Amino acid sequence: MATIKLNNLRHSYLDNPRGDEDWALKKVDLTWEDGGAYALLGSSGCGKTTMLNLISGLLTPSEGSIQFDNKDVTQIRAEERNIAQVFQFPVVYDTMTVRENLAFPLRNRGVAKPEIDKRVVEIAQMLDLSESLDTRAQGLTADGKQKISLGRGLVRSDVNAILFDEPLTVIDPHLKWQLRSKLKELHQQFGATMIYVTHDQTEALTFADKVVVMHDGMVVQSGTPVELFESPEHTFVGHFIGSPGMNVLPGSVVDERIGYCGYTVDAHLRADQLNGADSFELGIRPEFVHFADQGIPVDIVKVSNTGRVRIVDTRHDNDLIRVVVPEGESIPADKGYLQFEPYRTTTYVDGWRVGDKVTPISSRTGAATRSQISQSQTSAGSAS
Amino acid sequence: MSQKAQNNKAWWLVMPVVILVAFNAVIPLMTVVNYSVQETFGDNVFFYEGLKWFGQVLHSERFHEALGRQFLFTGIVLLIEIPLGVAIALAMPRKGIGVSICLVLMSLPLLIPWNVVGAMWNIFALPDIGLLGKTLNAMGFDYNYTRQPFSAWATVVAMDVWHWTSLVVLLAYAGLTAIPEDYFQAARIDGASAWSVFRYIQLPKMKRVLTIAILLRFMDSFMIYTEPFVLTGGGPGNTTTFLSIDLVKMALGQFDLGPAAAMSIIYFLIILLVSWLFYTFTMRNEN
Amino acid sequence: MSRLKWLVPTLYIVFLMLPIYWLLNMSFKNTNEILGTFSLWPQTFTLENYKTIFTDPTWYNGYLNSISYVVVNTIIAVTVALPAAYAFSRYRFLGDKHLFFWLLTNRMAPPAVFALPFIQLYSAVGLFDTMWAVALAHCLFNVPLAVWILEGFMSGVPKELDETAYIDGYSFPRFFTRIFIPTITAGIGVTAFFCFMFSWVELLLAKSLTSVAAKPIAATMTKTASSSGYELGLLAAAGALTLIPGAIVIWFVRNYIAKGFALGRV
């Protein structure tokens with residue numbers, strides 16, 4: 001086990017990267033604490049797999065360094081880094097039995113025979129593979145094969161970390177859930193650092209203690225599920241986490257403050273933030289938008305009932321604003337007014353959040369600000 | 001595996017193929033069978049002879065020798081071409097312009113008419129004016145494929161290796177490039193050696209294409225006619241007279257139609273039997 | 001060790017090119033030089049041999065004959081194989097497995113076995129010494145091969161494509177020609193390549209089924225080799241010219257070659 005540190009890490013698949021778009025991974029500084037259960041979340045092509053392969057040593061970074069427990073391993077090859085990795089598609093050695101598959105990494109490392117046998121039996125038991133130990137791996141189902149891939153990682157007692165690259169993609173939905181709980185259980189049992197790559201927020205939020213969100217080759221935020229939900233550092237995180245995602249509205253600058261439709265948010269922008277910036281935006285989660293007697297005038301476009309709550313699509317000019325309405329509250333027929341919870345409204349310059357805290361909204365009309373901060377502690381679970 | 005629908009109307013779709021192939025295969029085969037049980041003295045007068053010709057061919061030393069040479073030749077070329085082809089495929093580049101260059105240049109021998117292959121090697125190996133023959137003799141080897149059986153055999157084998165190894169390379173290469181990258185990455189993580197990667201990943205994944213390669217090479221080398229005929233004419237003596245050469249000599253040269261027809265049928269059955277045995281044996285472990 | 005990996009294919013290609021280089025070398029020499037001296041390149045470079053081929057009708061007609069039966073054979077083989085391969089890839093029908101196996105056995109029939117019966121058969125139907133005889137005879141091995149390769153490609157196309165089209169009201173012929181064939185053009189290209197290849201390189205049947213009018217180039221060469229006292233330069237030039245159609249075809253399908261071999265099903 002080890003603490004993994006990435007320093008100024010950059011990677012490009014090209015020999016001579018020129019523009020920004022040539023970099024698959026754009027400058028990452030990140031520390032993975034020993035024994036943590038991490039999820040690496042992002043849409044496809046954002047650099048998740050690149051980062052994983054850099055950690056495991058399948059790729060050597062173009063720039064920067066990687067440290068395991070303060071020891072530089074940047075130039076050390078994958079087979080010597082003591083990392084286990086489970087891939088998207090199950091990898092089993094077809095001609096071997098399940099037992100031989102599990103023993104393979106140990107045999108390659110010259111572990112003594114009795115020790116191998118002992119470990120293999122232990123791991124097989126843990127993964128419910130004991131009964132099929134002597135059958136050929138080829139004939140197993142997808143989840144059986146993926147368990148073997150996993151087992152080959154766990155069988156080594158010296159691994160620094162176990163990396164999962166969307167390991168449940170090819171698994172049936174009902175088995176997905178089972179295998180994920182198994183992983184969680186194994187994490188508690190082994191205490192190994194686990195990094196779980198996925199593009200599915202439910203998977204990420206249920207597996208991990210800490211989620212790292214990537215977008216366009218960058219780490220945009222790293223935090224607990226609650227942090228990601230309550231204060232997204234980047235509009236992408238707002239969109240990506242939560243269902244439905246955050247409303248991100250085009251803002252205008254009034255008196256060095258970002259505002260929307262005459263409402264400004266109490267975060268002063270500094271001169272360097274104002275100059276040369278391309279976009280000013282304002283973000284509010286649908287959970288924190290409410291219908292009121294006055295405020296932003298909107299047309300009601302669509303109401304969808306998801307069971308516990310109703311999601312209302314509304315429109316102000318050309319901007320779609322989603323509202324989550326709990327049971328029992330009424331929805332206006334076709335026109336209404338919206339209020340944003342001031343402490344929940346965030347501001348973004350060029351996609352990145354500005355201001356230290358979520359700050360209250362001030363309105364020219366002087367509508368009552370709701371004091372709901374204490375009761376809006378929304379857990380990540382309800383966001384998914 | 002997706003379930004195919006039962007539909008006997010599909011016969012209409014295969015009908016053109018059946019008619020065309022039957023016309024080319026069944027009628028000539030019937031002719032051969034017909035000859036194989038009759039004796040003719042010209043003028044289209046035939047006498048039924050039963051299985052006499054089959055007995056004669058099966059007991060003739062000439063057939064035994066040709067058959068022995070045939071198996072020896074096929075065995076040698078398979079033993080050289082399959083491992084060599086796999087080795088070359090393993091060493092081939094995976095991306096870039098090198099792939100196209102390799103594929104195009106390596107395919108070239110496959111598209112040369114077979115008699116041109118023979119003629120080309122004839123010119124190449126001539127002891128006095130051929131590059132190969134002249135070089136070997138200059139190096140002190142006593143090489144003359146028109147006179148020495150060993151030289152003739154070596155030349156015929158070298159020619160077949162030159163002609164057909166590329167087919168094995170192409171098949172093996174296709175099999176190798178179809179292996180997902182994940183396998184190689186997992187093997188690195190597992191600390192597998194290059195040999196283990198070959199033994200446990202590449203070889204098992206190539207099994208299907210190698211089966212095709214071995215079958216095709218077996219069939220074609222067993223039927224070989226044109227190339228050695230042009231190069232050596234079956235000589236010196238009868239030393240490179242393989243089954244097809246012998247058969248054509250018998251049928252079109254000596255016009256011994258009965259024995260030639262009986263030999264054709266035995267020949268065909270041997271190929272069928274060996275192919276079937278090989279196929280069932282290798283595929284036995286599947287499913 | 002992996003640094004030297006490129007050596008293996010390179011050495012192999014050098015080995016492949018040596019006889020071809022020698023053939024080209026010979027084709028640019030005159031008979032005197034061929035028989036009199038041993039030289040790695042022509043001392044007196046001549047195009048005489050090529051000139052002879054391009055001006056003598058017995059030579060250049062040989063090329064035209066070969067090309068015409070190869071092209072006709074390729075078209076016939078692919079055309080009849082398409083519906084049959086579709087049937088094998090989509091349906092189960094009475095005797096399908098046996099039929100498939102029987103088709104493949106024809107790929108195992110030695111042409112030497114069929115040479116004589118073919119002469120009689122095609123004489124009887126009046127096609128002897130026409131390019132049609134060769135084009136049809138080559139179907140013996142090319143049609144099974146075409147069915148085999150195409151079936152592999154078609155099995156890779158999801159059945160949902162057919163079902164959607166039928167639901168959208170396509171009739172079978174319209175679906176097959178408008179939708180299905182365009183989706184497997186790569187497979188058809190590969191199949192055509194192999195049919196072209198095996199028809200182009202085969203000589204025994206082509207030679208047996210023709211005498212004067214439709215004689216293929218390869219047979220003209222054999223005759224030169226045996227009758228006119230070994231005109232090696234001419235023979236080499238004729239041989240060198242037979243490389244060209246193959247090289248052109250390879251260049252066009254280079255990206256499909258490897259795939260085409262792999263997708264055929266055993």
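What pLDDT does chain C average, and what share of the residues score at least 70? Chain C comes out at an average of 84, with 92% of the residues at 70 or above. Keep in mind that this is a predicted model; for the complex, the predictor reports an ipTM of 0.86 and a pTM of 0.80.

Next, select chains A and B. Here 21 residues of chain A contact 15 residues of chain B. On the chain A side, pick out strand E6 (83-86), helix H2 (98-108) and helix H4 (142-154), each of which supplies at least two of the residues touching chain B. Colour that side by class and you'll get eleven nonpolar, six polar and four charged residues.

Now hop over to where chain B meets chain C. Select helix H5 (residues 114-125) of chain B and helix H1 (residues 7-27) of chain C: they pack at about 80 degrees, with their axes 9 Å apart. That angle makes H5(B) roughly perpendicular to H1(C). Show side chains for B:Met120, B:Trp121, B:Ile123 and B:Phe124, which meet C:Pro19, C:Trp22, C:Leu23 and C:Met26.

Last stop: B:Asn144, in the loop between helix H6 (131-138) and helix H7 (149-177) of chain B. Leaving aside residues up to four places away in sequence, B:Asn144 touches B:Pro127 and B:Ser151. For a distance check, pick B:Glu61 too: B:Asn144 and B:Glu61 sit 83 residues apart in sequence and 27 Å apart, C-alpha to C-alpha.

Definitions and conventions: Residues numbered from 1 in each chain as written. Chains lettered and ligands numbered in written order. Contact = placed C-beta atoms within 7 Å. Helix = DSSP H or I, 4+ residues; strand = E, 2+ residues; numbered from the N terminus. Nonpolar A, V, L, I, M, F, W, Y, C, P; charged D, E, K, R; others polar. pLDDT = per-residue confidence, 0-100. Axes fitted to C-alpha atoms, helices over the stretch in contact; angles between N-to-C directions. Parallel < 35°, antiparallel > 145°, perpendicular 65-115°, else oblique.
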